[in-house]
Amino acid sequence: MKVFEANEKNISTASHIIKGGGLVAFPTETVYGLGANGLNATAVAKIFEAKNRPTFNPLILHIADKNHLEDISVVVNHIVYKLIEVFWPGPLTLVLPKKEKVPEIVTSGNPTVAVRMPDHRVALSLIEKAGIPIAAPSANIFGQLSPTTAAHVEASLKDKIDMILDGGGCRVGLESTILQVEESKFTLLRPGGVPVEKIEEYTGIIEKKEIISDAPVSPGQLPYHYSPTQPLKFLDEVDIESVDPLKTGIIYFSEKKFDKNFSSVKVLSPTRNMYEAAANLFSHLHLLQSQKLDLILVERIERTGLGTAIMDRLQRAAAKYR
Ligand code: TXA
Ligand code: MG
């Protein structure tokens, strides 16, 4: 039995699971979320594996206190204060520049992070007890419908997560509205629980991009799709003797293979743990990108479990340079 009534005792247990790096499905006013410690990259990686996502996708960080928005993001437009006064807690997600402490895997390497404060007793209590922002996509297997009851979650994810908190049906039943905030511009990325017209009363006319839908999108279609600024190639695509090690960074899966003085050498997971590998992927890529290299070499990873999503991401990054 993994489904527990969402009383204070069980919410406490759930908060310990989250703090310990586990996965808990919990109700919000929109849909059930699949939550993990949003500041722990390895815990967040487990979300992607449980959902069986073939790709990484940036996640929403859920907070229980409006004052915590600025712990994880930068408020670049003062109208945000009005929006959170009016619409939080509630189904409005704000995309803002991220602070350093937000792991790359949460944002899929984007410089921005999505944040919302859900309007649900159970969600708020769980986040508060855990004492950290909770990263949570909808609690369904990739490609399936979003869950609005604990039974939906159980049918889809039961064997893959540690606990399901049952808080009854979701009041809104539709995901949050996602609004990207820039210094002088607001952009609607996904229509949702708060009608855009209501938001426009405070922001003026909002540009509508609606790039986010729950339908699977083709690889590379998303504008926030991550690729490093210099060429990335797989190890087996190059003649290792012909590369200049001083201008090359290399990312191995579990151990060093070549005895050359590469400018930067990184290992995704010495213990061949896919969670750890996924958690390190984005930060390693970012680090190598920040060094003045001519080439990033990456070892191929077996396409099992999270390996599929890792390889998808790398393949897209490499495709740009073929
Ligand atoms: O109502 C909701 O928003 C629910 C509940 C659980 O809070 N969550 C939800 O999460 O719908 P998810 O992961 O299914 O959808 C979040 C969407 C994704 O399509 C993702 O691409 C987008 O938000 N997103 C997240 N961070 C982003 C960012 N930094 N920039 C642009 N889009 C972002
Ligand atoms: Mg979803």
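The side chains of E8 and R121 meet in a salt bridge, with 3.9 Å from N to O; by salt bridge I mean a side-chain nitrogen of Lys or Arg within 4 Å of a carboxyl oxygen of Asp or Glu. E8 lies in helix α1, residues 8-19, and R121 in helix α6, residues 121-130, so the pair ties together parts that are 113 residues apart in sequence. Helices here are DSSP runs of H or I with at least four residues, strands are runs of E with at least two, and both are numbered from the N terminus. E8 is partly exposed at 42% relative accessibility, and R121 is exposed at 52%. For these words, buried is under 20% relative accessible area, exposed is over 50%, and partly exposed is in between, with a 1.4 Å probe and protein chains only. E8 and R121 also belong to a network of salt bridges that includes K129.

Please note that this is a predicted model, in which local features need pLDDT of at least 70, side-chain atom pairs count only at pLDDT 80 or more, and totals for chains, interfaces and linings use all residues. Residues are numbered from 1 along each chain as its sequence is written, chains are lettered from A and ligands numbered from 1 in the order in which they are written, and side-chain values use heavy atoms, with hydrogens and water left out.

How many salt bridges does a search of the whole structure find? The search finds 11. Another of them joins R171 and D119, at 3.1 Å from N to O. R171 sits in the loop between β8 (163-166) and β9 (177-182), while D119 sits in the loop between β6 (112-116) and α6, 52 residues apart. R171 is exposed, at 58% relative accessibility, and D119 is partly exposed, at 33%.

A further salt bridge brings D236 and R300 together at 2.6 Å, N to O. D236 is in the loop between β12 (232-234) and β13 (248-252), and R300 is in the loop between β15 (295-298) and α10 (306-319), so parts 64 residues apart in sequence are tied together. Here D236 is exposed, at 54%, and R300 is partly exposed, at 35%.

Is N77 buried or exposed? N77 is buried, with a relative accessible area of 7%. Its side chain reaches the backbone oxygen of E183 at 3.0 Å, and a polar atom of that side chain lies 3.3 Å from the backbone oxygen of E182. Leaving aside residues up to four places away in sequence, N77 touches V181, E182, E183, S184 and F186, where contact means heavy atoms within 4.5 Å.

Finally, the domains. The chain is divided into domain 1 (3-208) and domain 2 (232-319), with bounds from an automatic or database domain assignment. Their centres, taken over C-alpha atoms, are separated by 30 Å. In contact are 14 residues of domain 1 and 16 residues of domain 2. Together the domains bury about 1,300 Å², 71% of it on carbon and sulfur atoms; buried area is the accessible area, with a 1.4 Å probe, that two parts lose on being put together, summed over both. E49, F56 and E104 supply 44% of the area that domain 1 buries against domain 2, more than any other three residues. Across this interface the rule finds 0 salt bridges.

Key. Polar contact = N/O pair within 3.5 Å; in protein donor to acceptor, adjacent residues only side chain to side chain.
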